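Good morning, and thank you for coming. I would ask you to look at the model on the screen while I describe two ligand surroundings and two annotated residues.

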Amino acid sequence: MTSKAPCRLYLITPPALPDLDAFAADLEAALGAGDVGALQIRLKPAGDDQVRAAVRRLLPVAHAHGVAVILNDRPDLAAELGCDGVHVGDEDPAVDAARRILGPDAMIGATCRDSRHAAMEAAEAGADYVAFGAFFPTETKDTTARPEPEILTIWQETMAIPCVAIGGITVDNARPLIEAGADFLAVSAGVWRHPDGPAEAVRRFNALMG
Ligand SMILES: Cc1ncc(COP(=O)(O)OP(=O)(O)O)c(N)n1
Ligand SMILES: Cc1nc(C(=O)O)sc1CCOP(=O)(O)O
């Protein structure tokens, strides 16, 4: 009998980082507080040079903790800046185009909303993970899809590549997603805006995933 790997945390930056050094300090504290599988740098809206500055400041912090860095939307900049991968959605380069840019070793994730069909297509195109959401209302992004946790159970029982749950996830509402079989919980506000601070949020998520 095979047992499923434990669920892990996938952090997403806040959409704007007005003080990069202050955020780097928060990131250092968060990554020192417990296991984190990946950091996605997602800046909206930001010019290319702002993205470059953020990756150059944050990637060494993440790598010092053994955490993979995924850039949102931009396989070209991910390749230029030495990121470990990219996350793409409907308005971004497709998974196969991202693969051509980044090569076979890069980690490529795809937005699939509440659609197993979209997820199957992403997997066939060579995605390394699929992301379902938004499971809960969120102020971080305008969302319309609202999947049920069951989509995670069906995915992880039938498909080989991991599934990521995203959207409004907090320490207080995460348990049903972990129990449903999410391989990763992608979280932004639930960590960076946690009332007791990001490090405490990471500790509490890890305790839930234990
Ligand atoms: C892990 C993860 N899942 C979904 C998204 C959403 O990506 P996208 O559809 O490209 O929308 P924006 O993030 O660009 O607003 C994500 N970034 N990460
Ligand atoms: C970036 C993103 N994509 C989503 C999707 O449903 O595809 S929800 C979302 C926001 C994630 O941030 P928070 O943890 O603060 O809700």
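In what follows, Ala, Val, Leu, Ile, Met, Phe, Trp, Tyr, Cys and Pro count as nonpolar, Asp, Glu, Lys and Arg as charged, and the others, Gly among them, as polar. This is a predicted model: local features need pLDDT of at least 70, side-chain atom pairs count only at pLDDT 80 or more, and totals for chains, interfaces and linings use all residues. Residues are numbered from 1 along each chain as its sequence is written, while chains are lettered from A and ligands numbered from 1 in the order in which they are written.

I begin with ligand 2. Its shell (residues whose C-beta atom, placed from the backbone, lies within 6 Å) holds 16 residues, and G133, T138, T140, S188 and A189 are the closest. By class, that shell has 6 nonpolar, 9 polar and 1 charged.

Around ligand 1 there are 15 residues, with G89, T111, A131, I166 and A186 the closest. The shell around ligand 1 comprises 4 nonpolar, 6 polar and 5 charged residues.

I turn to the annotation. Under "binding site", an unreviewed UniProt entry lists D73 and D92; positions are in the numbering used here, feature names are shortened, and annotations may be inferred rather than shown by experiment. They span 20 residues in sequence, yet no two of their C-alpha atoms are more than 5.6 Å apart, so they gather at one spot.

Is D73 buried or exposed? D73 counts as buried (20 or more other C-beta atoms, placed from the backbone, within 10 Å; exposed is 12 or fewer, partly exposed in between), because it has 20 such neighbours. D92, with 17, is partly exposed.
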